[in-house]
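These are my notebook entries on a structure that is new to me. I set down what I looked up, entry by entry.

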Amino acid sequence: MAGQQAPQMKTLTAEQAKALIEEGLEVYDKPENKEKIDAAIAAAGGDQAKLMVEAMPVALAVGAPILTKYGFTADPMGVMQLIAAVSMATAGDPELAAQFAELRSRILPTA
């Protein structure tokens with residue numbers, strides 16, 4: 001499609017990334033959110049395609065307020081941009097990178 005530009009790459013400082021990770025873990029650790037995501041994962045029955053249809057929208061809805069707070073769109077593209085931005089911001093900090101890996105496992109659930 002001529003004339004369309006690729007989305008601008010969003011960047012975060014290490015401080016922003018740390019705050020985002022902390023807020024994300026807090027939101028995804030709320031019992032009601034864990035329950036919704038776990039139920040969607042169970043509904044997928046170990047099928048990776050069903051997981052994308054069942055669990056991803058639930059996980060995205062749970063994290064949407066954080067995505068938008070930090071300037072990302074609340075859609076799969078926003079999640080990918082968030083992952084790239086936080087990965088870059090945490091590259092020099094193994095502890096923060098490990099915390100982000102934990103958050104990423106909640107954003108992108110697996111069967």
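**Entry 1: terms and model.** I call a residue buried when its relative accessible area is under 20%, exposed when it is over 50%, and partly exposed in between, with a 1.4 Å probe and protein chains only. Helices are DSSP runs (H or I, at least four residues), as strands are (E, at least two), and both are numbered from the N terminus. I note that the model is predicted, that local features need pLDDT of at least 70, that side-chain atom pairs count only at pLDDT 80 or more, and that totals for chains, interfaces and linings use all residues. Residues are numbered from 1 along each chain as its sequence is written, and side-chain values use heavy atoms, with hydrogens and water left out.

**Entry 2: helix α4.** I looked up the buried residues of α4 and found G78, V79, Q81, L82, I83, A85, V86 and A89. The helix has 14 residues and reaches 20 Å from its first C-alpha to its last. This is close to the 20 Å expected at 1.5 Å a residue, where the expected span is 1.5 Å times one less than the number of residues. I then asked what covers the buried residues of α4. The cover includes α1, α3 and α5, with contact taken as heavy atoms within 4.5 Å.

**Entry 3: helix α5.** I turned to α5, which runs over residues 94-107. It has 14 residues, and its reach of 20 Å from first C-alpha to last is close to the 20 Å expected. Its buried residues are L96, F100, L103, R106 and I107. They lie on the same side of α5, because they cover an arc of only 110° around the axis; the arc is that of the directions from the helix axis to the C-beta atoms. On the face turned away from the buried side I found the exposed residues P94 and E95. The cover over the buried residues of α5 includes α1 (14-29), α3 (48-69) and α4 (76-89).

At the N-terminal end of α5 I looked for a cap. D93 provides it, with a side-chain oxygen 3.2 Å from the backbone nitrogen of E95.

**Entry 4: R106.** This residue is in helix α5 and is one of its buried residues. I found that its side chain makes a polar contact of 2.9 Å with the side chain of E102. A polar contact is a pair of N or O atoms within 3.5 Å; within protein, one must be able to donate a hydrogen and the other to accept it, and residues adjacent in sequence count only if both atoms are side-chain atoms. Not counting residues up to four places away in sequence, R106 touches L25, Y28, D29 and A59.

**Entry 5: helix α2.** I compared the reach of α2 (residues 31-44) with its expected span: its 14 residues reach 20 Å from first C-alpha to last, close to the 20 Å expected. N33, I37, A40 and A44 are its buried residues. They cover an arc of only 60° around the axis, which puts them on the same side of α2. The face turned away carries the exposed residues P31, E35 and A42. α1 and α3 are among what covers the buried residues of α2. Just after α2, G45 takes a positive phi of about 60°.

D38 also lies in α2. I recorded it as partly exposed, with a relative accessible area of 46%.

**Entry 6: the cavity.** The lining includes L20, G24, Y28, L82, L103 and I107. The elements that give two or more residues to it are α1, α3, α4 and α5. α3 gives the most, with five residues.

**Entry 7: two single residues.** G24 is in helix α1 and counts as buried, at 1% relative accessibility. Leaving aside its neighbours within four places in sequence, I found G24 in contact with I66 and L103. P57 is in helix α3 and counts as partly exposed, at 41% relative accessibility. P57 and A40 are 17 residues apart in sequence, and 9.1 Å apart in space, C-alpha to C-alpha.

Conventions
On a 1 Å grid over the protein atoms alone, a cavity is a set of points where a 1.4 Å probe fits but cannot get out, and a pocket is an open set with protein on both sides within 12 Å along at least five of seven lines; lining residues have an atom within 4 Å of a point.
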